[in-house]
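Hello,

Here is the structure for your files. My notes on it follow below.

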Amino acid sequence: MASSEGFLTDKQRGMLKIASQNVETALPSPRLSSSPKSPTSSFSDHQLKVSAVGKAPTGGIAVRHVRRSHSGKFVRVKKDGAGGKGTWGKLLDTDGESHIDRNDPNYDSGEEPYQLVGSTISDPLDEYKKAVVSIIEEYFSTNDVELAASDLKDLGSSEYHPYFIKRLVSMSMDRHDKEKEMASVLLSALYADGISPPQFRDGFVMLLESADDLAVDILDAVDILALFIARAVVDEILPPAFLTRAKKTLPESSKGYQALQTAEKSYLSAPHHAELLERRWGGSTHVTVEEMKKKIVDLLREYVESGDTFEACRCIRELGVSFFHHEVVKRALVLAMEIQTPEPLILKLLKEAAEEGLISSSQMVKGFARLAESLDDLALDIPSAKTLFQSIVPKAISEGWLDASFTKSSYEYGEAQNEDKKLMQYKKEVVTIIHEYFLSDDIPELIRSLEDLGLPEFNPIFLKKLVTLAMDRKNREKEMASVLLSALHIEIFSTEDIVNGFVMLLESAEDTALDILDASNELALFLARAVIDDVLVPLNLEEIASKLPLNCSGSETVRMARSLITARHAGERLLRCWGGGTGWAVEDAKDKIMKLLEEYESGGVVAEACQCIRDLGMPFFNHEVVKKALVMAMEKKNDRMLDLLHVCFNEGLITINQMTKGFTRVKDGLDDLALDIPNAKDKFSFYMEYAQKKGWLLPSFGASAVEALPPVATS
């Protein structure tokens, strides 16, 4: 039926068509703006909903279903029903921007959004550099040496003191002569009392390295820097040898190198250079170091004549150089030794100055230490100087004006001085011994010379000197050095001596490379050759590498030696690495020894065998004859070899040391020998007893050998 429920009648369809036309007429053009506030835009979003229940809609159906706000404005309706502008929005709506009111009673600072604040990480060195600039600026304005020294001490970070020296000198270079003199005086005051001598050297090296940059801003930087270096030498802050050493580290074209040359040739070699340098910066308001020393001597002599301790203390105080009071102590003690009569007066003055706090404990100790260092020179003018000094020290300690720690430090210093003298003498003698060896090629004579020196604790130093001298010569000397190492290891050098000697060589590899360009490769060859010659074992290379400091160039040399050892045919190549030498000597000698023993065992004559051993010309290697003779006697079960050893020993062809060394090598390899010769240990016990009866072996060998051998089973 046409009018049944759920279908539209013709009349209703007509009304729907009219309503649709009205809506299309009301829609805006696509080209027009569709602002959310536009009524037209709001109306265009509306869609007519036609009831599907069969009731005819009325003519106002299009307008009746348009949702408008009560304010008369059209509002864009959200699809999910959350409302538009001016409405509360839907429940749990968190899309909008939240605003935190700090005046709200319920305000919680924890709800504030987090903000990442960037901050730079401070570098201790940068902080130190900034701090020392202010200390130096203040010193230049106040001229207070004590305050500057105190501020530097309070700053800490003593490891950065070389930067202070560099900054002080570089800042004064761009100022007047007054500041330059003040910088020199401050350096002298801080020497050994706030900044150590090595730090002074490092600071001046840094200055020399930056001389090219300084010359960009300071036209006469080279001349001024040369003056500072020369002044530091005159003031005994830098040793004269500093100039030579520093030159080796700088390119000849650098400004720093030019400054060193200027200091050496123009200032330090000039007549009366000390006085000229002390007064070079005429604008100074300070007295020079030399003038201060003269004032100290004058006041002490005046005190000896007057005996007025109070007046002497007042004069010391008026000097205004508390950092230089160690000079007062030193000069007073020297005066007491020179005249001796006023010794009680001098000691009384020092005691009262210490009790009043006029001379600090550190200055007192430093004065005594400086005198202790120069006792040898002082003894030339005052023969009893050492005796007098040794009598004054305990008296000063017992009266409480000299710290007891001085005794230990001075003893250690004296021991170190004696050790240094002994070492210097040893180095001088071994250089002569090595030169003679390179000329004569006489290993036994060299070994006797070393034994006569009687200083086995310096064996590593001998090795270092031997290899260093050989590296600077031809292949013949290098080969001779390697052969000598093999002989020394057998005779008098322990493996530890060899290891320590190579460690010393590798630690100084960078210095050696300054004089010997190919030092790293040469050292690697010496190391690898030592392994091939059984002087070292491969594991010793690991030990040597572990003893080297971090970032040492010697570590690369050790790695190079390892690669040489692991290469194909390494043994043959390394034995011939010094092309002009006799690298095959040891291996060739082993072959010759084996052949002469086989010939003798098969019915040869003892005299002929002895002559062959003598013709080898390697007496340091005769332990190999002993070893191979004993092993052959075990293998062939022919004790005839003992007759040969007996004749060789009686003729002095094989020494007791070589005989003992040969037996020791067999004893060390008994476990391996027993695999091929089951009764090797029994045989060796018999040979050892026979040798001891004949007096072939050192007494020390018997006890160690018996302990090492297992008990012989008896049936």
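In helix H35, the buried residues (under 20% relative accessible area, with exposed meaning over 50% and partly exposed in between; 1.4 Å probe, protein chains only) are Gln658, Met659, Thr660, Gly662, Phe663, Val666 and Lys667. This is a predicted model, where local features need pLDDT of at least 70, side-chain atom pairs count only at pLDDT 80 or more, and totals for chains, interfaces and linings use all residues. Residues are numbered from 1 along each chain as its sequence is written, and side-chain values use heavy atoms, without hydrogens and water. Helices are DSSP runs of H or I with at least four residues, numbered from the N terminus.

H35 covers residues 656-668, and its end C-alpha atoms are 18 Å apart, in agreement with the 18 Å that its 13 residues should span at 1.5 Å a residue (1.5 Å times one less than the number of residues).

Helices H28 (residues 538-547) and H29 (residues 554-566) have axes that come within 10 Å and cross at roughly 170° (lines fitted to C-alpha atoms over the stretch in contact, angles from 0 to 180 degrees between N-to-C directions). The two are therefore roughly antiparallel (over 145 degrees). Leu541, Glu542, Ile544 and Ala545 of H28 meet Val558, Arg562 and Ile565 of H29 (heavy atoms within 4.5 Å).

Arginine 529 sits in helix H27 (residues 519-532) and is buried, at 1% relative accessible area.

Regards

Notes. Angles under 35 degrees count as roughly parallel, over 145 as roughly antiparallel, 65 to 115 as roughly perpendicular and the rest as oblique.
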